[in-house]
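Let's take a look at this protein together. Keep the sequence and the 3D view side by side as you read.

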Amino acid sequence: MNLSCATGPPSFAISTSLTNQVFSLLELWNERSSGKYEKKVYDFPKHLDEKVAALHLEKLGAKPNLLTKDQAGDISIPVEGPHQPANNKHGVDWWVICGVLASCLSFLLAVATFVLRFGGDGN
């Protein structure tokens, strides 16, 4: 249920996308004199992608677990991340997961509101 009558993606997905854009701008600004970035197209840094996901998941009340040293060693990544391999162009698509979760929560909230308001007896 889209309570805002919008026809595009869920607002939560838009929020993660816009946060990615802001973090990109901050990264470019902070590194403007370092020579780290040339004038070309780059993939969004995975450590920033995971930071955006963690911030948004926190707002949903989710608290992702940190990997143990053994778990990180089993999949050959650092404990602190990033948790996506460098050659993975799509990563875990955290923004999609966040958007789906937000849509499901919005739908459940709308159903609960309807039931509470109309008593659930159809009258």
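## A bridge between two side chains

How exposed is K36? In this predicted model, K36 has a relative accessibility of 46%. That falls between the 20% and 50% cut-offs, so K36 counts as partly exposed.

What do the side chains of K36 and E27 do? They meet in a salt bridge, with 3.1 Å from N to O. If you go looking for others, the count for this model comes to one salt bridge.

## Helix 1 and its two sides

Now follow E27 back to its helix. Helix 1 covers residues 11–30. Helix 1 is 20 residues long and stretches 28 Å from its first C-alpha to its last, close to the 28 Å expected at 1.5 Å a residue.

Which residues of helix 1 are buried? They are F12, A13, T16, T19, N20, F23 and E27. These residues cover an arc of only 120° around the axis, which puts them on the same side of helix 1. Here's a handy rule for reading such a pattern: an α-helix has 3.6 residues a turn, so residues three or four places apart point the same way. Turn to the other side of helix 1 and you'll find S11, L25 and W29, which are exposed.

## Zooming in on T19

T19 is one of the residues in helix 1, and its relative accessible area is 16%. Since the cut-off for buried is under 20%, T19 makes the list.

What does the side chain of T19 reach? It gets to the backbone oxygen of S15, at 2.7 Å. And if you leave aside the neighbours within four places in sequence, T19 is in contact with V52 and H56.

## Stepping back to the whole chain

Time to zoom out. Of its 123 residues, 20% count as buried.

How much area does the protein chain expose? The figure is about 9,600 Å², and carbon and sulfur atoms supply 61% of it. There's also something to say about who touches whom: take the contacts in the protein chain between residues at least 6 apart in sequence, and 69% of them join residues at least 24 apart.

How values were computed. Residues numbered from 1 in each chain as written. Predicted model: local features only at pLDDT ≥ 70, side-chain atom pairs only at ≥ 80, totals over all residues. Heavy atoms only, no water. Buried < 20%, exposed > 50% of the residue type's maximum accessible area, 1.4 Å probe, protein only. Contact = heavy atoms within 4.5 Å. Areas by Shrake-Rupley, 256 points an atom, 1.4 Å probe, with all protein chains shown as cover. Salt bridge = Lys/Arg side-chain N within 4 Å of Asp/Glu carboxyl O. Helix = DSSP H or I, 4+ residues; strand = E, 2+ residues; numbered from the N terminus. Polar contact = N/O pair within 3.5 Å; in protein donor to acceptor, adjacent residues only side chain to side chain. Expected span 1.5 Å × (residues − 1). Arc of directions from axis to C-beta.
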